[in-house]
Amino acid sequence: MEDFLNRLPGYNLRRASTVILSELTDGLSELELRPSDASMLITIDSNPRITPSELGRILGIQRANMVPMVARLEDCGEIVRIKRDGRSFGLELTQQGSELCNRAKAILLEYEDRFLLRVPAEHREHLLPALRALWDQTSA
């Protein structure tokens with residue numbers, strides 16, 4: 001059956017995103033992490049002493065949402081605040097946070113491998129640049 005919606009790229013992208021995000025959420029649930037938590041841990045791991053505002057900019061998370069997200073990871077003992085200068089602080093992973101981050105990375109890599117297997121081989125090299133072009137203003 002031909003469906004108008006199936007011809008729309010935005011509709012198909014939203015459907016794909018819903019399925020993929022649901023699978024990732026399920027995979028990370030064994031660590032009691034949300035995809036946003038895992039993204040934060042991984043980004044902090046790559047950028048020690050990053051400020052919450054820098055972290056929010058990189059991940060596209062609004063400033064108001066960063067406060068409870070940082071507090072949750074801090075309360076769980078995954079991250080600590082480190083004084084950077086007189087008024088600002090950066091975030092670093094604790095040992096526990098580093099171990100959790102490594103486990104989350106392993107789940108994420110396995111998930112990404114399974115996800116890419118769904119994409120026909122001839123389209124895989126174009127997938128990431130095409131997706132980035134949709135959200136990254138600097139790639140245009």
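## Met40 and its contacts

In this predicted model, Met40 touches Leu55, Leu59, Ile61, Met66, Met69, Val70 and Leu73, leaving aside residues up to four places away in sequence. Met40 sits in helix α2. Its relative accessibility is 0%, so Met40 counts as buried.

Met40 and Asp3 are separated by 37 residues in sequence. In space, their C-alpha atoms lie 38 Å apart.

## Helix α5

Helix α5 covers residues 95–117. Its 23 residues should span 33 Å at 1.5 Å a residue. The end C-alpha atoms are 34 Å apart, which agrees with that expectation.

The buried residues of α5 are Gly97, Leu100, Cys101, Ala104, Ile107, Tyr111 and Phe115.

## The aromatic pair

The structure holds one aromatic pair. Its members are Tyr111 and Phe115, with ring centres 6.5 Å apart. The ring planes meet at 10°, under the 30 degrees that counts as stacked, so the pair is stacked.

Both residues belong to α5. They are four residues apart, about one turn of the helix. Tyr111 and Phe115 are both buried.

## The β hairpin

Strand β1 takes in residues 79–83. Five bridges join β1 to β2, and the two strands run antiparallel. Together they form a hairpin, with five residues between the strands.

One bridge can be named. Arg81 has Leu91, in β2, as its bridge partner.

## Cysteines without a disulfide

A search of the whole structure finds zero disulfides. For Cys76, the closest cysteine sulfur is in Cys101, 15 Å away, which is too far for a bond. Cys101 is likewise in no disulfide, and its nearest cysteine sulfur is that of Cys76.

Cys76 has 46% relative accessibility, so Cys76 counts as partly exposed. Cys101 has 0% relative accessibility and therefore counts as buried. Cys101 is one of the buried residues of α5.

Key
Residues are numbered from 1 along each chain as its sequence is written. This is a predicted model: local features need pLDDT of at least 70, side-chain atom pairs count only at pLDDT 80 or more; totals for chains, interfaces and linings use all residues. Side-chain values use heavy atoms; hydrogens and water are left out. Rings of Phe, Tyr and Trp (its six-membered ring) pair if their centres lie within 6.5 Å; planes under 30 degrees apart count as stacked, over 60 as edge-to-face and the rest as tilted. Buried means under 20% relative accessible area, exposed over 50%, partly exposed in between (1.4 Å probe, protein chains only). The expected span of a helix is 1.5 Å times one less than its number of residues. Two strands pair if DSSP finds at least two bridges between them. A disulfide is a pair of cysteine sulfur atoms within 2.5 Å. Contact means heavy atoms within 4.5 Å.
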